Amino acid sequence: MPPATSNEPSDPIAEVLDTLRGSRRVANNIVHWHTIPPQPARYAPFPEHLAPALRAALEKRGIDRLYTHQAEAIERTLAGEHVVVVTPTASGKTLCYNVPVLQRLIERPEARALYLFPTKALSHDQYQGLYDLTQDIGRDIKVYTFDGDTPAAARRSIRAAGQIVVTNPDMLHTGILPHHTKWIKLFENLDTVVIDELHQYRGVFGSHVANVIRRLRRICEFYGSHPRFICCSATVANPAEMAEGLVGEKFALIDNNGAPRGERVLIMYNPPVVNRELGIRASSVKEARRVALRFIERGLQTIVFARSRVRVEILTTYLRRALAKMGADTRRVCGYRGGYLPNERRDIERGIRDGDILAVVSTNALELGIDIGSLQAAVLCGYPGSIASLWQQGGRAGRKQQTAVMVLVGNSSPIDQYLMENPQYLLGASPEHGILNPDNILILADHLKCALSEIPLRDGEAFGPAHPAAILEYFEQQRIARHTGGAWHWSSDSFPAESVPLRTSTAQNFVIHNTSDNNRVLGEIDYDSAQELIHPQAIYMHQGRTYYVDRLDWDGRKAYVREVKADYYTDAIDKADLTVMHVDETEEWKNVATTTSTKSRRDDRFQPATSVAGMDRNHTASPGGTAESGPFHPILSRNFGDVRVDIVVPKFKKIKFETQETVGYGDIDLPQYEIHTQAAWWTIKPETKEWLEKQGLDLGGALKGLAWLMGNVASLYVMSDPRDLVPVAMVRSTFDGMPAIYLYDRFAGGVGLARRAFGLDRQIFRAALERATHCECKEGCPACVGPSLEMGERARSSAKALLQEILK
């Protein structure tokens, strides 16, 4: 229960907290109330050798000393070390790189610095603060942003005179590195590279950016420069490892946060159970609306985070309807997400800063440090997928040391319910590992093409961990590279960087045209989301308005919509078929339990596994296979390898606003697509079926329930969105005819998520068992093994029994 009510609330925040405590409807659903006390600042003096002009500029801004982490970062950077700074949101990380960069430019005006921010908006935001600081110094330090919006006339002067170039990885990839001969002054004198928001560079994006950094360092070496790197990150378990994986150098870790912090209140709100037998809880979207309105009604500027673009639009619609009932201006509530046009996003950011917008509903697009002023409350509709993201989103409120409130509204997923039962997971040291895989063969090959087009690759020169001879020979067969004069040369007329996107599987987005407004461009959607969001007959939502998709021009990458008043939205249903292509690694499960490794490498491409633990290829027990003494081990082996996944989106359902009831279905006729990726899988002994049936249990239900659990809780350990690691259960695998559970990496080629799950499977199984054990439902629900109507009446008991035996 929350702490007792105070009698005299001192401010609007306190008033809202009192109403939350005092309302039985709300208080009964608060499962954890944690107050993080304010923290005083810890200071250190300026470095003795700091330039007087820089010191004066800082003092003019009221900064007469540094926080301890700032002082350490500045000293170690100026001493020539690569550093990674890991401190909370709003702790002054910006000075950790601005001060040493400006100091070096004062000492050596010909030096250059490159700032990389993950988004264009953040680049522009940080540029303004840096520019203002250089003006206060009184030196003619040239600071420029360089991105797709930079006018052509300004680009030449930026290349010639820019001392600090502020950009993003996408522009570095396509607009700077391929044209390095025009940037000679930058690359000859590059002294410092700043990479902010390091924790964002994970998964497929981080794997691409690591290769971009390889290409950057290669070009710097060609021109004779060896820049130092300064990285800044939110809290993750392996920040130094992430920085080293991204850059390829050893880093000094700085995590002794000296910044002050105002009081923070974390409230964990679990929607009430509306059907205890089925374990169904009230909608997290509607409960998030209820909580957010408590703050909005008192005029407190609030940000609401939602997990998907669809939920952003639904919440925006709900909150605008609520404001209309109060007689307030509905324009004071706005949505914010990818797909909005740049000018619209800038207007929303300005409205939040100026106070014109009272509430904004956003995806993680506003998670980063874009200046939107000081909000007072953050409501998170569902766990955002990582602890780092949770604290980043919560940190958007209370950025000026005042009391701030973060409310996490859980949903019915296993991961959210696990956290509602285990709040200490969020409050302790982060267990999350940021994962990237720059040596993914598809990503590596794409960037090797780019590297060849920039500078020939010498014989024996590594790109990544080794010289990629096999890939180069393949390029030669494709007639896009040739070997001559002791080096490999690019032999195509194209710029390969233009066709290599860093964030998605394809460079082409779909443009959405509003036919009810003279075909005006309404927004855009990435290729990977198009089949789910803008298929024919879909309801596309934008700022709370609903649009009907009349036509999708797949080849032309265009969707045509018209505004309608719909009382429902649509949700696409996809179907995936998985085929094992190659087994890279297999290990007998009983040896995992006893820590005795029997790993073996496999080169038998497209062939079933040879005998493991006494089972032959026909999967019948060998004479000693089931007679051995000791406990019954349901898992035969754990495996890792390459798979192909064929995905089709055949249907969609119509879901009514407010009631969330399904009111109809429709067919989708769009092309099937396939991805080649990596998977971890666990092969189950065939005799497990008989073992379960003797207890009145069911193998099919056990596998489906366990897959549902694993697909959700695994993301707690691999720092990924639950949608990025996809579970598949098979009673009879198409690979070897055995029962199996697969977790495959949703990104082509794999980015290390399945590999990490393979290494942490016992922890994942333990978390799954805890969720299956403590759920309040009877037979299964979305919060544990999945809905009982879909998984079967015995799914929960069967999955629980299977997990208990696995972990004995």
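Where is the place of Arg746? In this predicted model, for which local features need pLDDT of at least 70, side-chain atom pairs count only at pLDDT 80 or more, and totals for chains, interfaces and linings use all residues, Arg746 is placed in the loop between strand E33 (740-745) and helix H25 (753-759). Residues are numbered from 1 along each chain as its sequence is written, and side-chain values use heavy atoms, with hydrogens and water left out. Helices (H or I, at least four residues) and strands (E, at least two) are DSSP runs, numbered from the N terminus.

At 36% relative accessibility, Arg746 counts as partly exposed, a class that lies between buried (under 20% relative accessible area) and exposed (over 50%), as computed with a 1.4 Å probe on protein chains only. When residues up to four places away in sequence are not counted, Arg746 touches Ile675, Arg723, Asp724 and Val726, contact being defined as heavy atoms within 4.5 Å. The side chains of Arg746 and Asp724 are joined by a polar contact of 3.0 Å, and a polar atom of the Arg746 side chain lies 3.2 Å from the backbone oxygen of Arg723. A polar contact is a pair of N or O atoms within 3.5 Å; within protein, one must be able to donate a hydrogen and the other to accept it, and residues adjacent in sequence count only if both atoms are side-chain atoms. The C-alpha atoms of Arg746 and Val204 are separated by 9.8 Å, although these residues are 542 residues apart along the chain.

An open sheet is formed by seven strands in the order E1-E11-E18-E17-E14-E16-E15, with mixed pairing; two strands pair if DSSP finds at least two bridges between them. Strand E1 (30-36) and strand E15 (333-336) stand at the edges with a single partner strand each, so one side of each is left without a neighbour in the sheet. Neighbouring strands of this sheet are turned against each other by 15° on average, direction ignored. Within the sheet, strand E11 (residues 264-269) and strand E18 (residues 404-409) run parallel and are joined by six bridges, and Ile267 has Val407 in E18 as its bridge partner.

Two helices lie across strands of this sheet. Helix H12 (residues 284-296) lies across E11, strand E14 (302-306), strand E16 (359-362), strand E17 (377-381) and E18, running at about 175° to E17, whereas helix H13 (residues 309-325) lies across E14, E15, E16 and E17 and runs at about 175° to E15. Axes are lines fitted to C-alpha atoms, for helices over the stretch in contact, and angles run from 0 to 180 degrees between N-to-C directions. Ser284, which is located in H12, is buried, with a relative accessible area of 6%. Its contacts, not counting residues up to four places away in sequence, are Pro271, Arg311, Cys381, Val409, Gly410 and Asn411.

For helix H23 (residues 699-713), 15 residues at 1.5 Å a residue should span 21 Å, which agrees with the 21 Å between its end C-alpha atoms; the expected span is 1.5 Å times one less than the number of residues. Of the 15 residues of H23, 13 are buried, so the helix is largely enclosed by the rest of the structure. At the start of H23, a side-chain oxygen of Asp698 reaches to within 3.5 Å of the backbone nitrogen of Gly700.

With a disulfide defined as a pair of cysteine sulfur atoms within 2.5 Å, the count comes to zero. Cys777 is in no disulfide, its nearest cysteine sulfur, that of Cys784, being 3.6 Å away. Cys777 counts as buried at 5% relative accessibility, and Cys784 counts as buried at 0%.
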